Amino acid sequence: MANFGAKYPNEDLSDLLAFEARQYREHWEDVWSSLFGSFETTTPIPPMRFTDQPVPSHAGVHDTLQIFSVKIKEKDQSLEWPLQVPFLKLSGPTRAVVVCDPVYFEVALKVKGSVESEDKDLSLLTVPLTGYSDILSTCLVNKVYTSKLSTLELAFGYVVDSVEATISVHITEGSWPDDFYCDFTAQTSSLEHETVRLLGCEKIPIDDDGMIKLSRCVASVEFEGELKVSVAAFQYDENLGKVIIMIGKDEEAFRPKKTGKSYGRLDVGFCKMDITVAWSLISLVSALFA
């Protein structure tokens, strides 16, 4: 820590989580950037790696992590709560998160000051969630991290022997009215009370060809389990912050496959949507070395 303080004399070293997060990023850049690019580079490993292609011997079912929610709670009384920040939503990961080496989770949230030098780290941390484990069945994991200004609560699922499901939604009959809000979610039978929010509480973004732009599209599903995709359509009052009228809802269940695709349909009355789930086994071998 003394060496780090000498190198970065303006850093606040009283927040241990923030200090460790900066150290982790610097170490990663030193060790891996020449091979994988910058720490900020989007992963080159896509979803649906083995959906339509021959499955190599190194691919199979694997334990994965499924992020459900991230919550920030007040700790420091010097901040004015509730904080006036843009609406934050999870928009990834873009593929299944495999449990092999420790899975690191990074959070970088700031409270803006009047000038950049007055910005404060609301929550800055990089923490290992889990590595190889003796967990034998799918379970919900809750973690709490307290930094200098806030407490972060993270909920995620440890999903054993899982496959990757990539979900797409296409409106094929009718249309979605501009003043209707939507809530698309995915659930697995082993964690039926937890949802992956594919697109939540907002006006629906649709391409010209009727494809719905989901903010998240990948879920991890136990191979011996079940995936359920649900939709709700409603009218929402932003001033009151609540649903006024529920217009319609529907759900479709899918049995996992190792490869290929599954098809279903959702019907909310005023429009019908085709659901496609692309299944893929998971490999611990990077696409760069396969």
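The points below describe a predicted model of a protein.

1. Overall composition. The protein has 290 residues, of which 41% count as buried. Its secondary structure comprises two helices and 15 strands. Among contacts with a separation of 6 or more, 65% are made by residues 24 or more positions apart. The protein exposes about 16,000 Å², and carbon and sulfur atoms supply 51% of that area.

2. The largest nonpolar core. This core contains 36 residues. The members with the most contacts inside it are Ile167, Trp176, Phe184, Ile212, Leu227 and Met273. Two or more residues each come from strand 7 (150–174), strand 8 (181–188), strand 9 (196–203), strand 10 (218–222), strand 11 and strand 14 (271–280). Strand 7 gives the most, with six residues.

3. Tryptophan 176. Which residues does tryptophan 176 contact, once its neighbours within four places in sequence are left aside? They are Ile171, Tyr181, Cys182, Ile204, Ile206, Val231, Ala232, Ala233, Val268, Phe270, Cys271 and Met273. Met273, like tryptophan 176 itself, is listed with the residues that have the most contacts inside the largest core.

4. The hairpin of strands 11 and 12. Strand 11 (residues 227–237) and strand 12 (residues 242–254) run antiparallel and are joined by 11 bridges. Phenylalanine 234 stands opposite methionine 246 in strand 12. Four residues lie between the two strands of this hairpin, and glycine 241 in the turn has a positive phi of about 70°. As a general point, side chains in a regular strand alternate between the two faces of the sheet.

5. Lysine 71. This residue belongs to strand 2 (residues 62–74). Although lysine 71 and glutamate 153 are 82 residues apart along the chain, their C-alpha atoms are separated by 5.0 Å.

6. A nonpolar surface patch. Val31, Trp32 and Leu35 form a nonpolar patch on the surface, and together they have about 270 Å² of accessible area. Valine 31 is found in helix 2 (residues 16–36). With a relative accessible area of 40%, valine 31 is therefore classed as partly exposed.

Conventions. Residues numbered from 1 in each chain as written. Predicted model: local features only at pLDDT ≥ 70, side-chain atom pairs only at ≥ 80, totals over all residues. Heavy atoms only, no water. Pairing = 2+ DSSP bridges. Patch = residues over 30% accessible without salt bridge, like charges linked within 9 Å, V, L, I, M, F, W, Y side chains within 5 Å. Areas by Shrake-Rupley, 256 points an atom, 1.4 Å probe, with all protein chains shown as cover. Salt bridge = Lys/Arg side-chain N within 4 Å of Asp/Glu carboxyl O. Buried < 20%, exposed > 50% of the residue type's maximum accessible area, 1.4 Å probe, protein only. Core = buried A, V, L, I, M, F, W, Y, C linked by side-chain atoms within 4.5 Å. Contact = heavy atoms within 4.5 Å.
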